Amino acid sequence: MAEDSEAEKTEPASQRRLEQAREEGDVPRSREVATFTVLMAAGAGLWMTGSGLVRQLSAALVSGLSLTREQVFNPDVLLTRILVDVVQVIVACLPLAVAVMIVALASPLLVGGWLFSGKAITPNFMKLNPINGLSNLVSKNALVELVKAILKTLIVAAVAWLVVLKQKEAVFGLVNEPLKLGSAHLLDMLAMSFLFIVGALGFIAAIDAPYQMWHYANKLKMTRQELIQESKESDGNPQIKGKIRQLQREMAKRRMMAEVPTADVVVTNPTHFAVALKYVDGAGSAPKVVAKGTDAVAAKIRELAKEHKVAILEAPALARALHKHTEIGDEISPRLYAAVAEVLAYVFQLRAYRPGGHYPDRPGKLEVPDDMDPLHPASQQAPTQAQNNTGANP
C-alpha cells in the first residue's frame with residue numbers, strides 16, 4: 001500500500017515541469033474557445049459589413065456578366081476585366097478576412113497563450129502506432145470529447161430550432177418584399193441567426209476552458225518521488241554536496257596548515273587550542289591569524305610548528321580569546337594588541353638570543369580582557385559587547 005500511495009500523482013507540477021512541457025509544445029488549449037471566438041468574429045463582421053459586402057459583390061457580379069461581344073472575343077480585354085472583378089471581390093472581403101485572422105491569432109491568449117516550439121513540429125513516429133491510437137479511442141479524454149460533441153449538437157440544434165420558430169413569419173413575408181429589400185432583410189436574418197447559434201457555443205466554451213486548465217494541471221501532476229528526484233537534479237544530490245563540502249574543508253585545512261611554517265609564533269592552551277600568528281614588520285598592519293584549531297587540528301599545528309622551528313608559547317587565556325574572536329586571515333582585535341605585543345617581543349628576543357647572552361624571560365600573566373575569554377564568566381554575561389569590540393579597527 002505504501003508503494004501504491006507513493007506512485008500516485010498527488011503533487012502539483014513544479015515550475016521546472018511546466019517549463020519542460022512548454023518547451024515540448026504542451027500547453028492547455030481549448031478548441032471550443034478558439035472556435036467560438038472565430039465564429040463570433042465572423043458573425044459580428046457579417047452583421048456590421050453585410051449590406052456593404054452584398055452591394056460590392058453584386059456590383060462585381062453585374063460587372064462580370066455585363067460583357068459586349070467585342071469584349072468576349074478579345075482575350076486581352078476579357079482578362080483585364082476578370083482581374084478587375086477579382087480584385088474588387090478581394091477588396092470587399094478583405095476587412096472581414098483580416099478581422100477573423102486577427103481574432104484567430106489572438107484566441108490562444110485566452111487559454112495557454114502563444115507558444116512557438118520546434119519540438120511540437122518534430123516528426124514523432126510513435127504517434128502512428130495503432131496500439132496507441134486504439135488506447136486513445138477508449139481513454140477518458142475521448143469520452144469527454146464525445147460528451148462535448150453530443151452536448152454541442154443538442155445545444156446548437158435547440159437554439160437553431162428556437163431561432164427558426166421566432167423568425168418563421170418573417171421568412172414567409174420575404175416573398176412579398178422587393179428583391180433588393182428582401183435580399184438585405186434575408187441577410188440580416190441569417191446573420192442574426194448565426195450569431196444566436198454561435199453564441200450558444202459560448203456556453204460550451206465557458207465549461208471547456210476551465211476543464212482544459214484542470215485537465216492540463218492534473219496531467220502534469222507528479223509523485224513525491226518525482227519531486228524528490230527533480231530536487232536532487234536541480235539542487236544537487238545531498239550526498240554529493242556533502243562530499244564536496246568535505247573536500248572543500250580538507251582543502252581549506254591543507255591551505256591553513258601550509259601557512260603554519262611561515263608563522264612567527266603559535267599560542268596554545270596548551271592542548272585544546274592552538275593559534276598561529278604572523279606579523280610583517282613595516283607593513284602597517286596588525287598581526288594576523290594564519291591558522292587555528294582545536295584538539296586534533298591544534299595538535300597538528302603544534303607538530304608542524306616544532307618541525308619548522310616556529311616558537312610555541314603556552315598562554316591559555318590568549319589562545320582561547322584569539323580562537324574565538326579572530327577568523328583565519330583576519331587581524332587580531334585591538335583589545336588583544338598588548339598581550340600579543342608581549343608575545344611577539346618575546347619571540348623576537350628569542351631569535352636575537354646568542355649563547356653567552358641573557359636568555360629572554362617568558363611573558364608572565366598576559367592582559368586578556370575577561371569578556372574575551374570564552375571560559376571566563378564575564379564573557380557569558382556580555383557576549384554582545386565583546387563581539388562588537390572585536391570588530392573594531394585599530
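The legends below accompany several close-up views of this predicted model. Local features rest on pLDDT of at least 70 and side-chain atom pairs on pLDDT 80 or more, while totals for chains, interfaces and linings use all residues. Residues are numbered from 1 along each chain as its sequence is written, and side-chain values use heavy atoms, leaving out hydrogens and water.

**View 1. An open sheet of four strands.** The strands follow the order E3-E2-E1-E4 with mixed pairing; strands are DSSP E runs of at least two residues, numbered from the N terminus, and two of them pair if DSSP finds at least two bridges between them. Strand E3 (288-294) and strand E4 (311-314) are the edges, each pairing on one side only. On average, neighbouring strands are turned by 20° against each other, direction ignored. Look for E1 (residues 265-268) beside E4: they pair in the parallel sense over four bridges, with Val-265 opposite Ala-311.

**View 2. Helices lying across the sheet.** Helices are DSSP runs of H or I with at least four residues. H12 (residues 296-307) lies across E1, E2 (273-278), E3 and E4, at about 125° to E3. H14 (residues 337-352) lies across E1, E2 and E4, at about 130° to E1. Angles run from 0 to 180 degrees between N-to-C directions of axes fitted to C-alpha atoms, for helices over the stretch in contact, meaning heavy atoms within 4.5 Å.

View 3. H5 (residues 75-106) has 32 residues.

How values were computed
Expected span 1.5 Å × (residues − 1).
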